[in-house]
Amino acid sequence: MICTSDGDRWCLEFSEIEAQLLVDSMTELVTHYETAFEDLPQSVRDHWRGKVTNGNTTDLDLVEEQQQLEEERLSWRSARLPILQGWLSQHRRAGAGKKWSLLMSPADLELFIIILNDRRLTIASQFIVSEDDMDLDPREVEDEIRRQVLWEIHLLGYFQEICLVSLRDTHNN
Amino acid sequence: MVLIYASNTEALPEIDVEAKLKSAFSKGWGIIVWNDPINLMSYVVYVFQSVLKMNTQDATRHMIEVHQKGKSLVGIETKERAEFIVHHLQSFGLKATMEPQ
């Protein structure tokens, strides 16, 4: 993956295999975004509800703030869905099995990184991925599903890292 | 003018207005970012810079504190402002909460 800027727009270029892996992962995220909240696994529902405080909301007089946070967090999935669908439709137009380039504004690049993170966080919530799991070499994980989950989290992290390095380099220059 | 008082007026719950105002306007709410196994260190630094307008040095220091100590106090604000920042940090996927100081 290569991430470059011409000043106004960012260009993300993916090799054939990177494009396919990313599209597979993002297609799963579309399904996730489209899934009704009540049909999500409990751990994923907890992730999307979020917590405004680590303490007791009643004791801290934060009941209303917790409700507002939940409402806002639950709106993010539907807000991000059309953006993700737009990127995937660009891939379909470019043709499957080919290199893929995405042009986007700086704001959309940030959103791209956030959406990659959504996928990483939701599968981590679904499969209860721990700090110890993240330290494992995925090749040594026997369970096939967990192995795939760890590969996907690391791969999307690699894409995020490339974007972040490019953003930092551009900011420093 | 004749004022008529209703004899069966329901008693309103007692609200400590002064305490509510003090809580709302005093900078008594800490914004805490908690460690999690998924968010990249470089991403956390980026979010601190983007949302909290920290310089690279401060953002990195807080990220390391989150990683090593499990949490970092990244700001102390009014209740409303703390809530806004917590929402913003969470929109990036960070585990951020507000706690009374």
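1. In chain B, strand β1(B) is joined to strand β2 (residues 71–77) by 6 bridges, and the two run antiparallel. Strands are DSSP E runs of at least two residues and helices are H or I runs of at least four, numbered from the N terminus; two strands pair if DSSP finds at least two bridges between them. β1(B) also pairs with β3(B) in the antiparallel sense, over 6 bridges.

2. Because 5 of its 6 residues are buried, β1(B) is largely enclosed by the rest of the structure. Buried denotes under 20% relative accessible area, exposed over 50%, and partly exposed the range in between (1.4 Å probe, protein chains only).

3. The model is predicted: local features need pLDDT of at least 70 and side-chain atom pairs count only at pLDDT 80 or more, whereas totals for chains, interfaces and linings use all residues. Residues are numbered from 1 along each chain as its sequence is written, chains are lettered from A and ligands numbered from 1 in the order in which they are written, and side-chain values use heavy atoms, with hydrogens and water left out.

4. Between the chains, 33 residues of chain A are in contact (heavy atoms within 4.5 Å) with 27 residues of chain B. About 2500 Å² is buried between them, 56% of it on carbon and sulfur atoms; this area is the accessible area (1.4 Å probe) lost on putting the two parts together, summed over both. On the chain B side, I38(B), H87(B) and Q90(B) lose the most area to chain A, together 24% of what that side buries.

5. The count of salt bridges between the chains is 1, the term requiring a side-chain nitrogen of Lys or Arg within 4 Å of a carboxyl oxygen of Asp or Glu. E65(A) and K79(B) form a salt bridge, with their closest N and O atoms 3.6 Å apart. α4(B) gives the most to the side of chain B that touches chain A, namely 6 residues.

6. E110(A), in helix α4 (residues 106–126) of chain A, is partly exposed, at 21% relative accessible area. Its side chain makes a polar contact of 2.4 Å with that of Y46(B), and another, of 3.4 Å, joins the side chains of E110(A) and S50(B). A polar contact is a pair of N or O atoms within 3.5 Å; within protein, one must be able to donate a hydrogen and the other to accept it, and residues adjacent in sequence count only if both atoms are side-chain atoms.
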